[in-house]
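Subject: Structure for your review

Dear colleague,

Please find below the sequence and structure that I am handing over to you. My findings follow directly after them.

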Amino acid sequence: MQVRSVKLIRDKKSGQLQGYGFVEFISHASADQVLQTYNGQMMLNVKMVFQLNWVSAGEKCDDTLDYTIFDGDLAADVTDYLLKETFRVHYPLVKGAKVVTDKMTMCSKGYGFVM
């Protein structure tokens, strides 16, 4: 597996890490191998599991068009399922959604992504 870049997300005001980031791989195959190998596995030195999701950006491996939409200002009770189904009503090809949660409290951070 070859990694092209890694970006850890920080709070804009405090500079504190937000508990997630993005890893860009040089190939779809490399990303798929990491997803299949590590998703749900325990992280080293911490009592947390890897929660890995697909996010597409840049060049694609096939001719399909995939987009990820950022959705902010979500209510605290919005779930992955509710976010996905809200978009799916108008866009039947929606594949999924992920509401970003605080790793310590498991409460929504008020934003998410729709794929």
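Valine 3 is found in strand S1, strands here being DSSP runs of E of at least two residues and helices DSSP runs of H or I of at least four residues, both numbered from the N terminus. With a relative accessible area of 44%, valine 3 is partly exposed; buried means under 20% relative accessible area, exposed over 50%, and partly exposed in between, with a 1.4 Å probe and protein chains only.

The model is predicted: local features need pLDDT of at least 70, side-chain atom pairs count only at pLDDT 80 or more, and totals for chains, interfaces and linings use all residues. Residues are numbered from 1 along each chain as its sequence is written, and side-chain values use heavy atoms, with hydrogens and water left out.

Surface patch

Val3, Val6, Leu8, Leu17 and Val23 make a nonpolar surface patch of about 450 Å². Patches consist of residues with over 30% relative accessible area and no salt bridge, like charges being joined within 9 Å and nonpolar side chains (Val, Leu, Ile, Met, Phe, Trp, Tyr) within 5 Å. Strand S1 (3-10) and strand S2 (17-25) are the elements that give two or more residues to this patch, and S1 gives the most, with 3 residues.

The chain as a whole

There are 2 helices and 5 strands in the chain, and they follow the pattern β-β-α-β-α-β-β along the sequence. Of the 115 residues in the chain, 19% are buried. The chain exposes about 9,000 Å², of which carbon and sulfur atoms supply 57%; accessible areas come from the Shrake-Rupley method with a 1.4 Å probe, and for residues only the protein chains shown count as cover. Among contacts (heavy atoms within 4.5 Å) between residues at least 6 apart in sequence, 32% join residues at least 24 apart.

Strand S4 (residues 97-101) is largely enclosed by the rest of the structure, because 4 of its 5 residues are buried. S4 pairs with strand S5 (residues 108-114) in the antiparallel sense over 4 bridges; two strands count as paired if DSSP finds at least two bridges between them. Within this pairing, valine 99 stands opposite glycine 112 in S5. The hairpin of S4 and S5 has 6 residues between the strands, and methionine 106 takes a positive phi near 60° there.

Threonine 101 also lies in strand S4. Threonine 101 is buried, with a relative accessible area of 19%. If neighbours within four places in sequence are left aside, threonine 101 is in contact with Met106, Cys107, Ser108 and Lys109.

Nonpolar core

Which residues make up the largest nonpolar core? The 8 residues are Leu74, Val78, Leu83, Phe87, Val94, Ala97, Val99 and Val114. Helix H2 (80-88) and S4 each supply at least two residues of this core. A nonpolar core is a set of buried Ala, Val, Leu, Ile, Met, Phe, Trp, Tyr and Cys residues joined through side-chain atoms within 4.5 Å. Phenylalanine 87, with its neighbours within four places in sequence left aside, is in contact with Ile69, Asp71, Val94 and Val114.

Salt bridges

A search of the whole structure finds 4 salt bridges, each being a side-chain nitrogen of Lys or Arg within 4 Å of a carboxyl oxygen of Asp or Glu. One of them joins lysine 98 to aspartate 80, with the closest N and O atoms 3.7 Å apart. This pair links distant parts of the chain, since lysine 98 is in strand S4 and aspartate 80 in helix H2, 18 residues apart. Lysine 98 is partly exposed at a relative accessible area of 26%, and aspartate 80 counts as partly exposed at 30% relative accessibility.

Lys84, Glu85 and Arg88 are linked in a network of salt bridges. In the bridge between lysine 84 and glutamate 85, the closest N and O atoms are 3.9 Å apart; in the bridge between glutamate 85 and arginine 88, they are 3.5 Å apart. Because glutamate 85 and arginine 88 are 3 residues apart in helix H2, about one helical turn separates them. Glutamate 85 is partly exposed at 23% relative accessibility, and arginine 88 is partly exposed with a relative accessible area of 29%.

With kind regards
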